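The stops below are meant to be selected one after another.

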Amino acid sequence: MLGKRFIRRCYNSSMSFKKRIVVGNWKMSPETVYEAKEIFSKIKRRAKNYKKVQVVICPPDLHVVPLVKIAARSGIHIGVQDVFWEDEGFFTGQISPKMAYDAGARFAILGHSERRKMGESSSQVAKKVSAVIRDKIVAVLCVGENARDPEGNYLSFLREQIMSSLVLVSKEAVKAGLIIAYEPVWEIGRKDMKSMNPADLRQTVIFIKKVLFDAYGDYATQVPILYGGSVSSINASSLIADGDISGFLVGRQSLDPNLFGEILKSAHEAR
Ligand code: PGA
């Protein structure tokens, strides 16, 4: 189904990524700045051992500045979990990409399924993706189907979601600042922490690479693809060994420094 030339390019490009990438999405936790600093300091200590991994922590907005301060010179980046597309104006409650950058955030999770569930459309996500890259923040664009059907219609859904979220993004921007986080919605937040089968993940990642390649050609071969959805200290090794991914977007276990440390270790040791 996929051309050999295309697959070879993907594999060559994956080899050229300098580091694995592990993004922690803290969502609406923890409650206090004090706890955020505590958790972060422990993660910082663990992350020192795993130099092959670029760690990115995305706390709630109010915790960005205090964490940027303690992240200094650690190599860990701080990101935001969402951002608005305008740089200024009458938009109560919103934060602009320039404000996020000024606060020290260098990554932005965009289009997370929990935000899409609250009504965010792909055309809004598209504006956000293009705005953050313009303002020198790396966009971590989340995509993922709600469910799988045996006929494979979820693949068209995925293609459409990717393309409509990237409709305003140029080839140069894709190369400069885009990461795709593939998060099948049915795998997020599972109580049993059972993640996707790595072989199925691999197939889906190849599909996503093909979609990007069709749209952006060689520019897309540099785009890291992460997996998110019940990533844990138990399943991280097999997902990264067999899933053809560049790293993870981690929810719950990114708030536990020990478990998150194990995930970093798996990413660091992956070949
Ligand atoms: P989870 O969350 O790791 O707790 O499943 C992932 C996410 O929502 O990004």
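Begin by selecting K27 and the ligand: a polar side-chain atom of K27 lies 2.6 Å from an oxygen atom of the ligand. A polar contact here is a pair of N or O atoms within 3.5 Å; within protein, one must be able to donate a hydrogen and the other to accept it, and residues adjacent in sequence count only if both atoms are side-chain atoms. Taken alone, the ligand exposes 280 Å², and the protein buries 99% of that; accessible areas come from the Shrake-Rupley method with a 1.4 Å probe, and for residues only the protein chains shown count as cover.

This is a predicted model, in which local features need pLDDT of at least 70 and side-chain atom pairs count only at pLDDT 80 or more, while totals for chains, interfaces and linings use all residues. Residues are numbered from 1 along each chain as its sequence is written, and side-chain values use heavy atoms, with hydrogens and water left out.

Next show the backbone of S230, which places an N or O atom 2.8 Å from an oxygen atom of the ligand.

Now select the residues around the ligand: N25, K27, H112, E183, I188, G189, G229, S230, L249, G251 and R252. A residue is near a molecule if one of its heavy atoms lies within 4 Å of it. Coloured by class, this shell divides into two nonpolar, six polar and three charged residues. Ala, Val, Leu, Ile, Met, Phe, Trp, Tyr, Cys and Pro count as nonpolar, Asp, Glu, Lys and Arg as charged, and the others, Gly among them, as polar.

Return to K27, in the loop between β1 and α2. Helices (H or I, at least four residues) and strands (E, at least two) are DSSP runs, numbered from the N terminus. Phi of K27 is near 50°, a positive value in a residue other than glycine. K27 counts as partly exposed because its relative accessibility is 27%; buried means under 20% relative accessible area, exposed over 50%, and partly exposed in between (1.4 Å probe, protein chains only). P30 is also found between β1 (20–25) and α2 (33–47), and the peptide bond from S29 to P30 is cis, with omega near -10°.

For another positive phi, go to D244, which has about 60° although it is not a glycine. D244 is in the loop between α10 (236–242) and β8 (247–250) and counts as buried at 12% relative accessibility.

Which residues of α7 are buried? They are Y154, L158, Q161, I162, S164 and S165. Their cover includes α5 (113–117), α6 (122–134), β5 (138–143), β6 (178–182) and α9 (198–216).

Move to H268 in helix α11 (residues 257–269). At 17% relative accessibility H268 counts as buried. Neighbours within four places in sequence aside, H268 is in contact (heavy atoms within 4.5 Å) with N49, Y50, K51, K52 and V53.

End at A220, in the loop between α9 and β7 (225–228), which counts as buried at 7% relative accessibility. Leaving aside neighbours within four places in sequence, A220 is in contact with V174, L212 and F213. Draw a distance from A220 to N258: their C-alpha atoms, 38 residues apart along the chain, are separated by 34 Å.
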